[in-house]
Amino acid sequence: MSGAGGSGGDGLPPLREVIATHGLAARKSLGQNFLFDLNLTGRIARRVGDLAGSDVLEIGPGPGGLTRALLTEGARKVVAIERDARCLPALAEIAAAYPGRLEVIEGDALGVDPLPLLTPPIRIAANLPYNVGTELLVRWLTPAVWPPFWESMTLMFQREVAERIVAAPGSKAYGRLSLLAQWRCNARIAFEIPARAFTPAPKVTSAVVHLERLAEPRFPADAAVLSRVVALAFGQRRKMLRASLRPLGDAETLLAAAGIPATERAEQVSLEGFCRLARLVAERDASR
Ligand code: SAM
């Protein structure tokens, strides 16, 4: 059987049985909503990209549904960080079924460095715990140097967060996360997953987002300056830019030079417009 709740042909027991054997009742405090449907975990794994030629960093494997799919679909190696020690025996069974291809780190993904265990090219895949998902994404999108350690990220979010990542100017969802993601990645919603697919079912629909990193940012800009300009603009997103950007000094002059009407609001400005503005701010600051 290869469908919902089946064993997936890897000789391992069905996930529902794994949960029962190891007493893995889901804990809300750890953002635990498990996926048992092998059709879905397989679909997520196949969206990751070239698995056979990559190491995969997985965050929050839990009982290992997605982990098993990544391995069945041919991942060269999976390094998985899991905070809940109760899941380790179930993950050890998977490691035994795929010798040398799964390493599990017990710990908090926000505090552990998995890089010594990974060989490039590296892809990130996760059904992320909602409580840490956005923080991890922002960290992965803002490394000290670009390109980052990863080639792509295939991540599950609440649909509302997924929509913020891929949003275009003019939409309510457009904001700092959209600009951060789209400046240096191609970001797409791959597909949605209904709440009923999870155990327990969360209150909202989820979506899988796939981000492919670009070798260079889409438009040139200094990361710190761009981040400051975008933070100011969206810090008061209902205000006109001439007001929200006042802390920059010379806001109206800068906006005019960038070809952006001073009466526009942040959500009307394109990524290219923000990058132009950031370059002008950096040039002005350098000449002071
Ligand atoms: N990947 C599994 C699946 O798809 O069924 C479980 C996904 S569940 C939404 C999130 C998982 O992340 C849980 O196993 C939880 O224990 C783990 N987790 C929560 N916070 C974490 C953290 N800070 N670091 C690492 N894992 C964490």
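## Close-up views of a predicted model

**View 1. Leu30 sits in a loop.** Leu30 lies in the loop between helix 1 (15-22) and strand 1 (34-35). Helices (H or I, at least four residues) and strands (E, at least two) are DSSP runs, numbered from the N terminus. The model is predicted, so local features need pLDDT of at least 70 and side-chain atom pairs count only at pLDDT 80 or more, while totals for chains, interfaces and linings use all residues. Residues are numbered from 1 along each chain as its sequence is written. Leu30 counts as partly exposed because it has 17 C-beta neighbours inside 10 Å. A residue is buried with 20 or more other C-beta atoms within 10 Å of its own, exposed with 12 or fewer, and partly exposed in between; C-beta atoms are placed from the backbone. Leu30 touches Arg83, Asp84 and Pro129, leaving out residues up to four places away in sequence. Contact means that the C-beta atoms of two residues, placed from the backbone, lie within 7 Å. Leu30 and Arg83 are 53 residues apart along the chain, and their C-alpha atoms are separated by 8.2 Å.

View 2. Two strands pair if DSSP finds at least two bridges between them.

View 3. Strand 7 and strand 9 (residues 206-213) are antiparallel and share eight bridges. Glu192 stands opposite Ala207 in strand 9. Phe191 has Val208 of strand 9 as its bridge partner. Strand 6 also runs antiparallel to strand 9, joined by seven bridges. Here Leu155 has Val209 of strand 9 as its bridge partner. Six of the eight residues of strand 9 are buried, so this strand is largely enclosed by the rest of the structure.

**View 4. Helix 6 packs through its buried residues.** Which residues of helix 6 (residues 159-166) are buried? They are Val161, Ala162, Arg164, Ile165 and Val166. These buried residues pack against helix 5, strand 6, helix 7 (176-184), strand 7 and strand 9.

View 5. The largest nonpolar core has 84 residues, and Leu70, Val209, Phe274 and Leu277 touch the most other members. Helix 11 (residues 271-286) gives the most to this core, with seven residues. Why does the core lie between the domains? Domain 1 (15-213) and domain 2 (223-287) both give residues to it. A nonpolar core is a set of buried Ala, Val, Leu, Ile, Met, Phe, Trp, Tyr and Cys residues joined through C-beta atoms within 7 Å. Leaving aside its neighbours within four places in sequence, Leu277 is in contact with Val229, Leu254, Ala258 and Ile260.

**View 6. Domain 1 meets domain 2.** The domain bounds come from an automatic or database domain assignment. The C-alpha centres of domain 1 and domain 2 lie 34 Å apart. Nine residues of domain 1 are in contact with ten residues of domain 2. On the domain 1 side, four are nonpolar, four polar and one charged. Ala, Val, Leu, Ile, Met, Phe, Trp, Tyr, Cys and Pro count as nonpolar, Asp, Glu, Lys and Arg as charged, and the others, Gly among them, as polar.

View 7. A cis peptide bond joins Trp146 and Pro147, with omega about 5°. Pro147 is in the loop between helix 5 and strand 6. The bond from Thr199 to Pro200 is cis too, with omega near -10°. Pro200 lies in the loop between strand 8 (198-199) and strand 9. Asp250 is not a glycine, yet has a positive phi of about 50°. Asp250 is in the loop between helix 9 (241-244) and helix 10 (251-258). With 14 other C-beta atoms within 10 Å, Asp250 is partly exposed.
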